[in-house]
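Student: I would like to go through the charged pairs and the surface of this protein. Can we look at it together?

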Amino acid sequence: MRVLANDGISDAGKERLEAAGFEVLTTRVAQEQLTAFLDREKIAALLVRSATQVTPEVIDAAGHLKIIGRAGVGLDNIAVEHARKKGIPVINTPGASADSVAELVFAHLMGGVRFLHDSNRQMPLEGDQIFKQLKKQYSKGTEVKGKTMGIVGFGRIGKAVAQRALGLGMKVVFADPEVTHAQVSLEFADGQRLHFDVQGAPFREVLAMCDFLSLHVPAQDKPLIGEKELGLMKRGAAIINTSRGGVLDEPALLQALEAGHIRFAALDVFTSEPAPEVQLLMHPQLSLSPHIGAATREAQDRIGLELADQLIAWHKNGFQEA
Ligand code: MLT
């Protein structure tokens, strides 16, 4: 069976598929040539990350397509309903990147509370001229220990964020319409395990309670966090979005930063990816990264292997809805 991994696949995932008899192509086919390529090359399985758009047109034109795999969590670049109506299952890897995304949340958070996002911009420019001034400018940092982490969306990634927050001595509260309370387990390198009961709360209460807010929900039709929601947050709170652009209203965020209501924010995802608004890119209170939540070697290996295993199982036994 021919597989096209159009946005790449880890070596481990490719090797596992090849060992199971799949032929894996990793040629990057441009979006406008995709439909012709899928048909001409008799591709039965199309694997994508976030770059390739698997639109209804792509699905309709690919006469040999039997299954679509998303190497990652979000399915917003795939016409899932259209595929399913045509009997083409769509598989993804919802858990494989949770630890990597959660670690990125804390990279942004720990940097933000000590102004590293800004001092890393200023030190190369003026560190040898105005060292003392910069020292003063960045001297009102805060600790995260004892502060409250609010988590919106308590799936696998939200829980991984909670684990790290608890490990740092933070309080955790979450909002999720599907979950009211949860047990979060921390596993340490020496094998010890600690279990914590974590309580959910209504969305608005979480906004009002937290010192830091981290978003872990799928793409939305309209922003979940806009002017009103930002207004409910404590003055001086911070917000981190590693979920999807558009979940957080960017103009409203800029206003809240300008007004001093939000202390800093971190964005890994943007409404206008891959060309984020320049006002965001230039803002001194924003810690920025280019959608790299799942982009670690470990996560990409897990994603590749999980996708390979699902594909092999589907080939053997047919599609089992998770
Ligand atoms: C995901 O949905 O898995 C992540 O956002 C990673 C990505 O899309 O590149």
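Student: Which residue forms a salt bridge with Asp211?
Tutor: A salt bridge is a side-chain nitrogen of Lys or Arg within 4 Å of a carboxyl oxygen of Asp or Glu. For Asp211, the closest N and O atoms of the pair are 3.0 Å apart. The partner is Lys234.

Student: How far apart in sequence are the parts that this pair ties together?
Tutor: Asp211 lies in the loop between helix 9 (203-209) and strand 10 (212-215). Lys234 lies in the loop between helix 10 (227-232) and strand 11. Helices (H or I, at least four residues) and strands (E, at least two) are DSSP runs, numbered from the N terminus. So the pair ties together parts that are apart in sequence by 23 residues.

Student: What kind of model is this, and how are residues numbered?
Tutor: This is a predicted model: local features need pLDDT of at least 70, side-chain atom pairs count only at pLDDT 80 or more, and totals for chains, interfaces and linings use all residues. Side-chain values use heavy atoms, leaving out hydrogens and water, and residues are numbered along each chain as its sequence is written, from 1.

Student: Is Asp211 buried or exposed?
Tutor: Buried means under 20% relative accessible area, exposed over 50%, partly exposed in between (1.4 Å probe, protein chains only). Asp211 has 18% relative accessibility. Therefore Asp211 counts as buried.

Student: Where does Arg244 find its salt-bridge partner Asp76?
Tutor: The side chains of Arg244 and Asp76 meet in a salt bridge (3.0 Å, N to O). The pair links distant parts of the chain, 168 residues apart. Arg244 is in the loop between strand 11 (237-241) and helix 11 (250-258). Asp76 is in the loop between strand 4 (67-70) and helix 4 (80-85).

Student: What separates Lys14 and Glu18 in helix 1?
Tutor: These two form a salt bridge, with the closest N and O atoms 3.2 Å apart. Both sit in helix 1 (residues 11-19). They are four residues apart, so the separation is about one helical turn.

Student: How many salt bridges does the structure hold?
Tutor: Some are linked in a network, made by Arg2, Glu23, Arg40 and Glu41. The structure's total of salt bridges is 12.

Student: Why does Val278 count as exposed?
Tutor: Val278 has its place in helix 12 (residues 278-281). Val278 counts as exposed because its relative accessibility is 52%.
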